[in-house]
Amino acid sequence: MTDPKISALYVAVQEINSLIQNGTSCSRSLEEKIVEHLENSQLLGKLPKNNGDSHEEVYMEVTKHGLRISSRRTRLVKLRIPLIELILLTTYADGFGRTNIVFVEKSTTTRYQLHLLQATDDASSNILCNLVKNAFIEAEEASALIEVIEPPSPSIA
Amino acid sequence: MAEVSVAIVRLKISALSDKAIPSAQDFEICVKEEPSTAKNFGPVKHDYNIKKRVTVGGHTIGADVFKLPNFSFEPSKVSTLEDMIHDYFKRTGNIIRRSVRIPLHDDLHQPSSSTKPFVGHVPGLSLVCVPVFNKESVEVANSRYENLQKMVNLCHNQPEMFDIHTKNMILILERWLIDSQTFDSYFLSHFFMKESSRTRIKTCVHNPAFIDLQEQCIRHMSHSVRSNVSSASADLDDRVHVANIAKIAMLRYNKFTISVINPAFNPNFASEDSSCVYFYPGIKQCRAQRAASSTSQDMRSRLYPLHKAAEDGNAEEIRRFLKIGMDSNLRDDDSWTPLHYACFHGHLEVVHELLNSPQMTAINAQNKGGATALQYAVINGNEYLVEILTSHASIDVNIQNNEGYRPIDYCGNHPAIQKILELQIFKSKINVDTSIGSFSIKSRSPEEATVGEVLDRLAEETQLNREQMNCFALFVYSESMSLQLQPDSLIDGKLKVDKWNTTIRKLVGDIPFETPRLKLKRNAYATARMEIVTKVDNNSFAWSTILDEAIHSYLAGHLIANSKEEITKFAAIVCRTMHGRDFKPSSKNLSNLYPQYMLDNHDRGKLADRLKAQLRKNETQNDMQLEAEFISMARGLVTYGASFFDVDVFTKKSMGTEQGLVGVNDHGLHIIFKKTWTVKNFRFDEFTASNKESKTLEIDAQRVRDSYYILVSTQMKFLTGILRKFQKS
């Protein structure tokens, strides 16, 4: 049995280095900052708009190893993000009846990449969130096996 | 300190009409009036006699100027301007949808009517635009909303009513709003009418390994049951511990998925099946790789029909393909020709058809591994195939593959095939005799081989360098005569039997039929000094050759010793070399120990007695020491290395003829009279040589020694050549 494939349009990708690391402000959550940052970039013309026709159709698959994005037309894998590097995944409405998907990939120690996709329908975005959530939960439960072998200790890193 | 100006823009209802592009009249901007401060830049001219009065909105404005609401902040304490703006409005009780930082450009064109100088971009000054929809209310103290078009008009007509930076920002803002709507028809909808991001976020999933980021998330956190318990307890150590364990678990998953299907269990394989897509570490993209299946066989039949038929042994198919003009030398993906397949599988008829094809099949074609068809025939032990291939006129049995092996190297288990190949190999070898045996020099074309090439090959095999090899030369010889060859001579021409015997009869006389052979000897032009300088003695092959020739020269009587004791030493060393330590010399077995002239002119018993005494003295020395002593003594003689020829010697006084030997080396000319075996040595400065006839050489030494000789020999041209060579040097 293979994992379900979620269809989406790959809109844009942007690299940031300071947005997520901000910890002083408490008025807005991390998700709000990410969404507003992407939308402002679109207003200023730095990123393509959601309603563009040149976006590539992709499939997204989630396994315990990570997230895999492949092209719908050529079936070649475009992007593969290991689970350890997938920091955040959020879905939001773009205000015009469509659902956008944003996930944050950790590029290096201090820089992050924001990947913006547009889901084909609301159901697929919900399925994607559940799959990623289950992957994280599975990793946490798998870590319990490590505790059986090794005693709990703060020095484990 | 940095400063940020906030342009609170409110959209009027008129902008929602069907107009394609709105104008500045559709917006209202929030401005406030403040007294002019020292922040103004540039000269300000005041006419104290006339007070300017401008009515805006029914109010009278005196020395006040318009400014946008602004704030000061420390850049190091604020990460983004948007966060600061949101915090400010939240503290004042207002809710804004978004804040957009507008880039300030330096290319603003100054109106020509302005009398004030243009002030460019000031570092630390920023402009943030806060959109407000018409039904919302965002108020700032001491400010009011004015129509944007009126503000723009005042900026152009009465710039003194604005702060210098405020004027620039208003103009930039107006242009940005108009241009954005022009390029994107949905700009106003996105900018003014879209709800805030907080209300539009649906779900959020966080990675539990990044605990420091979870604190910034306020909704929809993903945790397992155990993690929720840890989170509820608010114990930071436990939360860090869980995060670290989760990170370790995820790191273990950080590997690439590989899915490979055995073609035998997947008959419906399709190249687009993602299950066969490989992932490589470090490569974001992957590429599909097809596995071999029955379809590839069909494709190979279509692309390489000759190869397929040769592999199957279908001679009829081969004949048909060759008849319609297919290329019999075509190579497949592995660079095999049809002949390779036929020989590999042992199809005799197919090989026969290919070799007899009118398209001249390349019998010596090599594949990627460098192997020829003959090699596969030998490996498989097919004797008949080997005979067919070796009978071809163009076959080359000495081609090596990439591992350096020839077909004959695979004949260990097939004696019959080895015999066939040896007969072929014999044709392409040049045999050279040396003191330690015969060398077989490999040559692809013996007819075109030169003496220089053979010497180079011999040098490689005997590990002699170029300087050392100059001490040796190639000779063509038989029982009666030996001639040194020039380096550029063709060997095949010198080994002609008829020509060689004609030359012998011309120079030596009527002799029986002799077969010419090649031999490596000491060069006639080499000197003792040359041997010492090049350290030729260090090479075992060279040492054996030099020692062998020195012994032969001694036994031939060409090395004339200076005393009886010295010649006894020579004999003792020769005795040890030839017969070993246990040999007992006597008057009957001295034939190979002393030169013939010594045996003829002296008592053999005395010679034997002296030899025994010398042998006892040499018992404490080993063979190598004795050999070195022999060579050292030989090189000390003036006749060492001389090439001697049989001549008839005429003298002026006696008017008679004597048989003699004449030799030439770097020391000079040496004449040995055979009757008494006495030698006359002449240095090159003691005589003059003249060659009046082709077979006559006159030696005039009367000026120094009152000697005059006339030498007559059929080989005079060789003697003269060597003589002139040394005289020049």
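## Chat about a two-chain predicted model

Mentor: Let's start with one residue: Asn314(B) counts as partly exposed, at 33% relative accessibility. Buried means under 20% relative accessible area, exposed over 50%, and partly exposed in between, with a 1.4 Å probe and protein chains only.

Trainee: What kind of model is this, and how are things labelled?

Mentor: This is a predicted model, where local features need pLDDT of at least 70 and side-chain atom pairs count only at pLDDT 80 or more, while totals for chains, interfaces and linings use all residues. Residues are numbered from 1 along each chain as its sequence is written, chains are lettered from A and ligands numbered from 1 in the order in which they are written, and side-chain values use heavy atoms, with hydrogens and water left out.

Trainee: Ok, back to Asn314(B). Where is its place?

Mentor: In the loop between α10 (305-312) and α11 (315-323) of chain B. Helices (H or I, at least four residues) and strands (E, at least two) are DSSP runs, numbered from the N terminus.

Trainee: And which residues is Asn314(B) in contact with, leaving aside neighbours within four places in sequence?

Mentor: Ala309(B) and Val350(B), where contact means heavy atoms within 4.5 Å. Asn314(B) and Ala342(B) are 28 residues apart in sequence, and their C-alpha atoms are 9.7 Å apart in space.

Trainee: How many helices and strands does chain B have?

Mentor: 28 helices and 24 strands. Chain B has 729 residues, and 46% of them count as buried. Taking its contacts between residues at least 6 apart in sequence, 61% join residues at least 24 apart.

Trainee: What's the mean pLDDT of chain B?

Mentor: 73, with 75% of the residues at 70 or more; pLDDT is the predictor's confidence in each residue, from 0 to 100.

Trainee: Cys30(B) and Cys471(B): buried or exposed?

Mentor: Cys30(B) counts as buried because its relative accessibility is 1%. Cys471(B) is buried too, at 1%.

Trainee: Now sheets. What is the order of the open sheet of 7 strands?

Mentor: In chain B, β21-β20-β19-β18-β24-β23-β22, with antiparallel pairing. The edge strands are β21 (678-682) and β22 (688-690) of chain B, each pairing on one side only. Two strands pair if DSSP finds at least two bridges between them. From one strand to the next, the twist averages 30°.

Trainee: How many bridges join β22(B) to β23?

Mentor: 3, and β23 covers residues 696-701 of chain B. Ser690(B) stands opposite Glu698(B) in β23(B).

Trainee: Which helix lies across β18, β19 and β20 of chain B?

Mentor: Helix α28 (residues 716-728) of chain B, which also lies across β22, β23 and β24 and runs at about 40° to β19(B). Axes are lines fitted to C-alpha atoms, for helices over the stretch in contact, and angles run from 0 to 180 degrees between N-to-C directions.

Trainee: And what pattern does chain A follow?

Mentor: Along the sequence, β-α-β-β-β-β-β-β-α. Of its 157 residues, 53% count as buried.
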